Amino acid sequence: MNQVGSKRRRIGCDAAGTPLPGKVNAERRFHMAFKAEEDDIDELGHVNNATRVVWIQDASVAHWLAAARSGDRDCFVTAVLRHEVDYRGNIRAGDEAIAVTWVDGAPRGARYALRVEFTGADGKVLVASRSEWPLIDRLTGKSARVSAEIAAPFLKTDEF
């Protein structure tokens with residue numbers, strides 16, 4: 001969440017604060033596209049690993065913003081506790097990668113696991129990650145249990 005007057009872009013949103021575009025499919029997976037720009041490229045000629053982590057966070061938060069019930073978006077925010085990232089291929093300037101995010105199993109207490117995979121034009125997985133995210137109460141700043149109602153938009157009916 002941005003501080004008032006902050007020039008920093010909110011994770012999962014564009015510079016104007018609008019959630020990044022994407023779609024949730026019938027399996028409750030969120031899909032969105034990323035395009036590698038020249039500023040994303042490191043000395044090896046591909047997207048810098050730090051940029052890939054920013055993309056993972058953008059896709060994860062955009063998923064929350066797209067799928068969560070409006071009351072839940074108003075009351076809670078998510079923050080990453082841990083990322084595990086496997087780099088399997090390169091993304092070069094001008095390349096587009098499709099991010100697919102999904103909640104990995106039922107939440108445990110205040111935490112849930114989120115998977116993100118980026119695929120290239122050939123369908124091969126270029127980046128795969130698993131992150132742990134807690135649900136944070138906006139008023140208290142403390143973690144909050146992820147109830148079945150909060151989790152429902154992210155899980156297939158047989159997963160909770």
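Phenylalanine 34 and tryptophan 55 are both buried, where buried means under 20% relative accessible area, exposed over 50% and partly exposed in between, with a 1.4 Å probe and protein chains only. The model is predicted, so local features need pLDDT of at least 70 and side-chain atom pairs count only at pLDDT 80 or more, while totals for chains, interfaces and linings use all residues. Residues are numbered from 1 along each chain as its sequence is written, and side-chain values use heavy atoms, leaving out hydrogens and water.

## Aromatic pairs

Rings of Phe, Tyr and Trp (its six-membered ring) pair if their centres lie within 6.5 Å; planes under 30 degrees apart count as stacked, over 60 as edge-to-face and the rest as tilted. By this rule there are four aromatic pairs. In one of them, the ring centres of phenylalanine 34 and tryptophan 55 are 5.0 Å apart with planes at 25°, so this pair is stacked. Phenylalanine 34 sits in strand β2 (residues 30-35) and tryptophan 55 in helix α1 (residues 49-67), so the pair ties together parts 21 residues apart in sequence. Helices (H or I, at least four residues) and strands (E, at least two) are DSSP runs, numbered from the N terminus. Ring pairs also join Phe34, Trp55 and Phe118 into a cluster.

## A cavity and its lining

What is the volume of the largest cavity? The largest cavity holds about 120 Å³ of space, and the structure has one cavity of 30 Å³ or more. On a 1 Å grid over the protein atoms alone, a cavity is a set of points where a 1.4 Å probe fits but cannot get out; lining residues have an atom within 4 Å of a point. Grid points are joined across faces, edges and corners, and a volume is the space filled by probe spheres set on the points.

The lining of the largest cavity has 13 residues, with Trp64, Val103, Tyr112, Ala151 and Phe154 nearest its centre. Helix α1 gives the largest share of this lining, three residues.

Cysteine 13 is buried at 0% relative accessibility, whereas cysteine 75 is partly exposed at 41%.

Definitions and conventions. 1 Å grid on protein atoms, 1.4 Å probe; cavity = no way out; pocket = protein on both sides within 12 Å on 5 of 7 lines; lining within 4 Å.
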